[in-house]
Amino acid sequence: MDWTRLLAWGAACLTLTAGQLACGSSGSIEGTGGQDSTGITNSSSGGGTTNTTSAGGDGGAQGDGGDGGAGGAGAVGKSGSDGNRPGAAGTNGGAGSAGGSGGTGGGDTECGDGITEGDELCDGDCPTDCDDMDACTADSLMGSAATCDAVCANDEITACNATSDGCCPAGCDITMDPDCAPRVLMVHRSDEVAAVDLQTQLMGTGDFDSIDIWDVQLQGGIVPTAMTMGGYEIVFAWTDGGFGSANQAALGDALADYFDAGGRVVTGTYAYCSNGTLEVEGRWMTGGYTLMENSLGQTNPTMNQGLGTVHEPNSPLMANVNTFTAVTGFRCRADAKLGTTVVAEWTLDPENSNFPPYPLVIRGQVAGRNRVDLNFYPPRAPVFGNGWSGDGIALIRNALLFE
Ligand SMILES: [Ca+2]
Ligand SMILES: [Ca+2]
Ligand SMILES: [Ca+2]
């Protein structure tokens with residue numbers, strides 16, 4: 001008898017309950033997988049309910065030109081149960097699916113893919129129009145969209161140019177470059193303080209290179225000649241005092257000669273009121289330069305009036321003109337000539353109901369060129385007590401620049 005084996009056999013039999021003498025008869029102690037104490041056979045996998053394999057994790061981040069990222073790990077399955085007792089934990093879920101494909105490698109660039117990369121200056125957003133809306137820069141396009149190297153150059157213009165390009169470079173004036181602001185000569189025989197005020201206000205618009213004043217009274221009763229006027233691009237004439245009988249014709253002839261030579265003339269009240277003492281005479285009146293009919297004289301009602309019907313609200317002559325009133329409203333009682341256009345007119349005169357609404361701004365053509373007359377007295381309130389209030393500077397500025 002091998003006592004060692006016998007003791008082991010006995011120990012194995014002792015683990016069995018009474019009546020179950022199933023000890024190996026052959027002497028072997030290798031038992032088969034038997035029943036547990038409840039008599040229910042367990043599977044080797046733990047007997048839980050079927051585990052659900054978890055979905056794979058998210059794919060890896062897109063690679064930078066390399067392989068796709070590794071798949072994420074599956075989640076741990078839930079514990080199973082057979083209803084009588086907990087089963088063992090399930091196995092892990094399946095492995096995650098492979099990550100997405102990697103991105104394009106960083107080597108070659110492609111013009112036309114809409115991505116500006118490498119040496120490209122643009123791609124999909126290449127400039128085609130280099131106009132920067134600035135007349136004082138020369139705009140050019142270099143390169144091309146087809147080769148992804150298009151680029152704009154906007155070089156500052158610094159040279160005066162006799163051919164108009166819309167730019168007046170620093171240091172130039174209108175004698176060197178036609179794009180520079182015009183020079184104005186104001187001719188009057190009235191209130192010099194009010195004239196200086198107009199000069200200041202008009203210069204404040206920034207649209208004039210210079211404005212000189214010729215006060216006929218301060219000039220000893222002498223009116224400027226056409227040659228003197230030739231030093232200016234625009235002459236603006238008005239008066240509230242007689243130019244003097246000898247000068248009325250001289251001034252009219254000079255204005256006509258100046259206009260014929262290409263000058264621009266704007267007249268205001270009372271430069272063309274035919275009452276025989278104030279107005280310009282000579283060729284200006286007889287040669288068809290003025291846009292008003294010979295007037296019935298002046299009117300200056302004491303009740304406040306102003307801008308009435310505007311017939312051409314979109315005209316540059318009415319730009320920035322919204323209000324215009326005058327306590328006395330000095331003006332000439334005259335109609336616009338046939339063939340001219342009344343851009344805006346006065347309100348009706350409440351003191352003279354038989355008067356028509358006289359023109360305020362009149363435009364027309366003389367010898368094929370545009371002209372404007374302003375039927376109001378230019379000085380403004382309160383510098384001149386009976387002057388206008390509102391946007392009269394804009395009216396004058398617009399008229400002087402109209403061509
Ligand atoms: Ca590209
Ligand atoms: Ca430009
Ligand atoms: Ca220019």
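In this predicted model, strand β3 (residues 183-189) runs parallel to strand β5 (residues 234-239), and six bridges join the two. Val184 faces Ile234 of β5 across this pairing. Helices (H or I, at least four residues) and strands (E, at least two) are DSSP runs, numbered from the N terminus. Two strands count as paired if DSSP finds at least two bridges between them.

β3 also pairs with β4, again in the parallel sense and over six bridges. Here Leu185 has Asp212 of β4 as its bridge partner. Helix α2 (residues 192-203) lies across β3 and β4. It runs at about 170° to β4. Axes are lines fitted to C-alpha atoms, for helices over the stretch in contact, and angles run from 0 to 180 degrees between N-to-C directions. Together, β3, α2 and β4 form a right-handed β-α-β unit. Right-handed means that, with the strands pointing away from the viewer, the path from the first strand over the helix to the second runs clockwise.

Now the whole sheet. Ten strands build it, in the order β4-β3-β5-β6-β13-β12-β11-β8-β9-β14. The sheet is open and its pairing is mixed. β4 (210-215) and β14 (388-390) are the edge strands, each pairing on one side only. From one strand to the next, the twist averages 25°. The protein chain has six helices and 14 strands in its secondary structure.

Next, the core. Of the 69 residues in the largest nonpolar core, Met186, Val235, Leu255 and Val361 touch the most other members. Such a core is a set of buried Ala, Val, Leu, Ile, Met, Phe, Trp, Tyr and Cys residues joined through C-beta atoms within 7 Å. Buried means 20 or more other C-beta atoms within 10 Å of the residue's own, with C-beta atoms placed from the backbone. Leu255 is in contact (C-beta atoms, placed from the backbone, within 7 Å) with Val235, Ala237, Val265, Val280 and Trp284, leaving aside neighbours within four places in sequence.

Helix α6 (residues 392-401) is mostly covered, with nine of its ten residues buried. Among them are Ile393, Leu395, Arg397 and Leu401. Over the protein chain, buried residues make up 30% of the 403. Of contacts between residues at least 6 apart in sequence, 61% join residues at least 24 apart.

Residues are numbered from 1 along each chain as its sequence is written, while chains are lettered from A and ligands numbered from 1 in the order in which they are written. Because the model is predicted, local features need pLDDT of at least 70 and side-chain atom pairs count only at pLDDT 80 or more, whereas totals for chains, interfaces and linings use all residues.

Conventions: Two residues are in contact if their C-beta atoms, placed from the backbone, lie within 7 Å. A residue is buried if 20 or more other C-beta atoms lie within 10 Å of its own, exposed if 12 or fewer, and partly exposed in between; C-beta atoms are placed from the backbone.
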